[in-house]
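Here are my notes on the model, point by point. Please read them with the structure open.

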Amino acid sequence: MDFQSFMEAVFNFENYSELLPLVRNSIWAGAVLGLLGGLIGTFVMMRDLAFAVHGIAELSFAGAAFALLVGANVVLGSLVGSVLAALVLGVMGIRARDRNSIIGVVMPFGLGLGILFLALYEGRAANKFGLLTGQIVSVDNVQLNLLAGCAVVVMAALALIWRPLTFASADPDLAEARGVPVRGLSILFMVLLGVSVALSIQVVGALLVLALLITPAAAALKVTSTPLLAVLLSIAFACVSVVGGILLALGGRIPISPYVTTISFAIYLGCRILGNRRSSARPARVRTAA
Amino acid sequence: MSAATGPGGLGRAPVVSLRNAGLSFGERVLWEGLDLDIHPGEFFAVLGPNGSGKTSFLKVLLGLQDLGSGTATINGGPLQRGNRGIGYIPQQRPFAADTPLRARDLVGLGVDGHRWGVRLRGRGHRDTVDALLAEVGSSSYADAPVGRLSGGEQQRLRVAQALAAEPRVLLCDEPLLSLDLHHQQAVSGLINRQCHEKNSAVVFVTHEINPIIDYVDRVLYLAGGRFRVGAPEEVMTSEVLSELYGSPVEVLHHEGRIIVVGLPGTAAHHHHPAGEV
């Protein structure tokens, strides 16, 4: 492939105005996912759950592949898979060390199951590939409503537990002593995370969920420590990545995920550089007088 | 106890009260038959080697650990998690560098972090947090990220968090551990002020009495399943500690400091936390 045909495959804006209305649902879906991913991502970072997100995604993929095989609703299958995985991690993996080994054990098993189900499936190959690497065309009204409905429920729940969850994430010992139900919150958060992962997989695919749930929040935390600003930036970064990715992917003939991951990675790089400047411009510690 | 008749009219009623209290893990008895009253304005230190049940003692008072036997009350009520009127200062534990919290946010969580929902009334909360930050001398780094503060600075914020509860009793779990001398003095001074000026009771778990030797009213020394309660000069003697440890231990006094020599398995207690039993 020469450079020109490569560029045509990657960036192609012919008939753009005709294509755009066709993916309106996908763009809305992308915006909702960006909002959700950016929001929950800050807690994922604070609770050190990046690896857990990856593990949940693989089991969510297995659930979706199973649903595809038996002709059930794929979103539902993926929801069941990821909420189950999240519950297992929430109940068994209290300490990060235990949790990581459980994820390491469960993740390949989930991925293997998913591949088994896909191998048995005899439908369109694009459906198979889409679960792993993302797709944009297939969001119909029913799916969009399901997605938006779930996202609203997750966001409402997050708003309700916002303060004690922040407390329990940043400072579990003190939160527990002050009567915050640390363990209950942890399990509830894993369920919310499971739902978010399942929804994100529908657009960016199982392999690339981290680009939506981790990278934007990680980028935001590089440039600010103000809680509200961190959340807003994280949401903005995630929305720009997903919606921007969909808009760029529209004309080309490659999946959406490389666009999304590249945009979110570029944002992260920019934030890292800014963040390094920020910390070198100011002394890391402010000394106090005795 | 002069502290038992301190100001405020609350003086005589104990804040913490244990009767025939005991705690054991399986076969191993940490302590039992403990009768104890801690009064407002009293600085009470809990000393002993690792594994003697110091931290468990605190967990019992916090309601995180049930007593094996006996009864206990705090502020006249039962021990339970999230008890109002209790301040807690944990061991210094570093925050991740990119924790999205500023010093003021951390203190703010100490004020109302246990409540549900998102914080709505901003002004009153901000004033409360500013006052707490000023009280512990942390105003100058109020907007700095917690992940970039030194251990000592973080520990001052811990004190501010604990004071937010307007505590009648302040429970401290090795709050000076891994701090430099300057910050040890600053943090223990703040705790002492809350105790002797604001009349809170302080329960201070530590393996090292010297940083707080000037403030301590009474000591509970736990070792080998036994314990002794009394003024520091009564408990920190060669005779008492030898009896507790069941082997000869010598206590030396040097320029107002206490040095314990001959603890089982160590050369000296003083300044050698790593060499503890």
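1. Start with A:Leu193. Its contacts beyond four places in sequence are A:Ile40, A:Val44, A:Leu49, A:Val53, A:Ile56 and A:Ala86. This is a predicted model, and local features are described where pLDDT is at least 70.

2. A:Leu193 and A:Val53 also stand out in the largest nonpolar core, which has 169 residues. Both are among the residues with the most contacts inside that core, together with A:Val209 and B:Val203. In soluble globular proteins, nonpolar side chains tend to be buried together.

3. Next, the contact between the chains. Chain B gives 33 residues and chain A gives 31. On the side of chain B that touches chain A, the elements with two or more residues are α2 (103-112), α4 (151-164) and α5 (181-196) of chain B. The largest share comes from α2(B), with three residues. What is the make-up of that side by class? It has 14 nonpolar, 10 polar and nine charged residues.

4. Chain B has an open sheet of four strands, in the order β2-β1-β4-β5, with antiparallel pairing. The edge strands are β2 (28-38) and β5 (77-78) of chain B, each pairing on one side only. Within the sheet, β1 (16-25) and β4 (69-74) of chain B are joined antiparallel over five bridges. B:Gly22 has B:Ser69 of β4(B) opposite it.

5. Helix α1 (54-62) of chain B packs on this sheet. It touches β1, β2 and β4 of chain B. The direction of α1(B) makes about 125° with that of β1(B).

6. Strand β6 (86-89) of chain B is worth a look from both faces. B:Ile86 and B:Tyr88 point one way, B:Gly87 and B:Ile89 the other. Are these residues buried or exposed? All are buried. β6(B) pairs with β7 (169-173) of chain B in the parallel sense, over four bridges.

7. B:Leu222 has B:Phe227 in β10(B) as its bridge partner. The hairpin of β9(B) and β10(B) has two residues between the strands. There, B:Gly224 takes a positive phi near 55°.

8. Helix α7 (238-245) of chain B has B:Leu241, B:Leu244 and B:Tyr245 as its buried residues. Why do they lie on the same side of α7(B)? Because they cover an arc of only 90° around the axis. The buried residues of α7(B) pack against β9, β10, β11 (250-254) and β12 (257-261) of chain B. Just after α7(B) comes B:Gly246, with a positive phi of about 70°.

9. Last, back to chain A. A:Val223 is in helix α12 (215-223) of chain A. Why does A:Val223 count as partly exposed? Because it has 19 C-beta neighbours inside 10 Å, whereas a buried residue needs 20 or more. Leaving out residues up to four places away in sequence, A:Val223 touches A:Leu233, A:Cys271, A:Leu274, A:Gly275 and A:Arg278. A:Asn276 is 53 residues from A:Val223 in sequence, and the C-alpha to C-alpha distance between the two is 8.6 Å.

Methods
Residues numbered from 1 in each chain as written. Chains lettered and ligands numbered in written order. Predicted model: local features only at pLDDT ≥ 70, side-chain atom pairs only at ≥ 80, totals over all residues. Core = buried A, V, L, I, M, F, W, Y, C linked by C-beta atoms within 7 Å. Buried ≥ 20, exposed ≤ 12 C-beta atoms within 10 Å, placed from the backbone. Contact = placed C-beta atoms within 7 Å. Nonpolar A, V, L, I, M, F, W, Y, C, P; charged D, E, K, R; others polar. Pairing = 2+ DSSP bridges. Axes fitted to C-alpha atoms, helices over the stretch in contact; angles between N-to-C directions. Arc of directions from axis to C-beta.
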